[in-house]
Amino acid sequence: MSRPTQLTIDLQALCENARTLKGLAGPRGTMAVVKADAYGHGAVACARALSDLVDGFAVAITEEAIALREAGIELPILVLQGPHSPEDAQVMSSAALWPAISSEHQIDWLEQLGARFDQVWVKCDTGMHRLGLMPHEITSARSRLTPHSVNDIVLMSHFADAEAPDSSLTERQLRRWVQVSDASSSGSFSNSAATAGQIETWESWMRLGYSLYGGSLVALPNGYSLKPVMQFESRIASVRWIDVGESVGYGGRWVAHRRSRIASIPAGYGDGYPRAARDGTPIGTQQGTALLAGKVSMDMVTADITDLPALEIGSPVTLWGDSPCIDEVAGYCDTIGYELCTRITQRTPRRFHRVTSDRD
Ligand SMILES: Cc1ncc(COP(=O)(O)O)c(C=O)c1O
């Protein structure tokens, strides 16, 4: 490794988060969402680490599921987008995946193929208006799907606004969910925000993504906390003093109002650090928080370290992880931590901390 920029993925923290969330969830089954390479954390490593703790995995598309199967993952895998073609449905059936069905034409494909699955999930559009059958279509969809599902048909829906307290959209979705669900059958509604925010809903499965990785858009109940799984770290590569009135970086956005000491860190948007980061975005160091100064470039970020005199070339920095956490950094970039962790590029090496669980 020629430069010190890297991601450390703490699989122990991932497992602790899973235990914490299961503690919040009671008897519900846990579907760990590992799409988009486990939100940038490494799907195969995360799925292996979680295999004894969760009841299944969810991915967006078939290729993601096949990669997990090829890596030896045997737990159920739900494909959230369902089949995109009859051929896709055939692959799902051959790999023993669970399709999430959200349209009549997907049901047509299953009928044409005579495809059979251990479980089929049927998605109801309760108000997100992205995917899913409308509530009045669910009864007929369920009966058309019955021959294609050996064990269970699980009704699912997805919250559009679970992180907002007292959301009228959430209330509307919950009303429709109650109308369409039949308490004797299986259901899945909650994502991370609904689980962490303890939105009360009828369901047998929760689908957890972001919170497993230690991020949260809502405060957890007292006594519960999550640990960041991803540490995005580097070391200072260059330090210089600049005079009052001098600027830093492209376009001269940050201007020194006092004589200033500037550190350059070898990580930029080519590594996944967001170019949208504003001046003042926190960067963690062992001496305290340094503040981003100047536009992020492809391979570098620059920070004002005038008040942190002990920092020098080689001092470690945390771009996000324990401090600052990814949600805090995202706030300075007008985005959410979900986007930051999934946009880490291939150039950034990933190092996994192994799980030391009971079975090790
Ligand atoms: C259909 C569906 N279910 C569950 C999730 C998991 O959501 P979260 O990462 O907020 O837990 C997602 C994520 O986008 C999703 O699209």
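The following legends describe close-up views of a predicted model. Local features are given where pLDDT is at least 70 and side-chain atom pairs where it is 80 or more, while totals for chains, interfaces and linings use all residues. Residues are numbered from 1 along each chain as its sequence is written, and side-chain values use heavy atoms, with hydrogens and water left out.

**Figure 1. Residues around the ligand.**
The shell around the ligand has 14 residues, of which Lys35, Tyr39, Ser192, Tyr210 and Tyr338 come nearest. A residue is near a molecule if one of its heavy atoms lies within 4 Å of it. By class, six residues of the shell are nonpolar, four are polar and four are charged. Here Ala, Val, Leu, Ile, Met, Phe, Trp, Tyr, Cys and Pro count as nonpolar, Asp, Glu, Lys and Arg as charged, and the others, Gly among them, as polar. Helix H2 (35–40) and strand S9 (205–208) each supply at least two residues of this shell. Helices (H or I, at least four residues) and strands (E, at least two) are DSSP runs, numbered from the N terminus.

An N or O atom in the side chain of Tyr338 lies 2.5 Å from an oxygen atom of the ligand. For Tyr210, a backbone N or O atom is 2.8 Å from a ligand oxygen atom. In the side chain of Arg130, an N or O atom is 3.5 Å from an oxygen atom of the ligand. On its own the ligand has 390 Å² of accessible area, and the protein covers 91% of that area. Accessible areas come from the Shrake-Rupley method with a 1.4 Å probe; for residues, only the protein chains shown count as cover.

Ser103 lies in the loop between strand S5 (98–101) and helix H6 (104–113). Ser103 counts as buried because its relative accessibility is 15%; buried means under 20% relative accessible area, exposed over 50%, and partly exposed in between (1.4 Å probe, protein chains only). The side chains of Ser103 and His105 make a polar contact at 3.3 Å. A polar contact is a pair of N or O atoms within 3.5 Å; within protein, one must be able to donate a hydrogen and the other to accept it, and residues adjacent in sequence count only if both atoms are side-chain atoms. Ser102 lies in the loop between S5 and H6 as well. With a relative accessibility of 9%, Ser102 is buried. Between the C-alpha atoms of Ser102 and Ile66 there are 21 Å, and the two residues are 36 apart along the chain.

**Figure 2. Ala100 in strand S5.**
Ala100 is a residue of strand S5. Its relative accessibility is 0%, so Ala100 counts as buried. Ala100 and Val255 are 155 residues apart along the chain, and their C-alpha atoms are separated by 52 Å.

The loop between strand S6 (117–123) and helix H7 (138–145) holds Cys124. Leu226 lies in the loop between S9 and strand S10 (230–235). The C-alpha atoms of Leu226 and Lys295 are separated by 31 Å, with the residues 69 apart along the chain.

Most residues other than glycine have a negative phi, and most peptide bonds are trans. Ala38, in helix H2, has a positive phi near 55 degrees. Ala38 is buried, because its relative accessible area is 0%. Gln198 also has a positive phi, near 55 degrees, and lies in the loop between helix H9 (192–196) and S9. Gln198 is partly exposed, because its relative accessible area is 47%. The peptide bond that joins Ser323 and Pro324 is cis, with omega about 0 degrees. Pro324 is found in the loop between strand S18 (316–320) and helix H10 (326–331).
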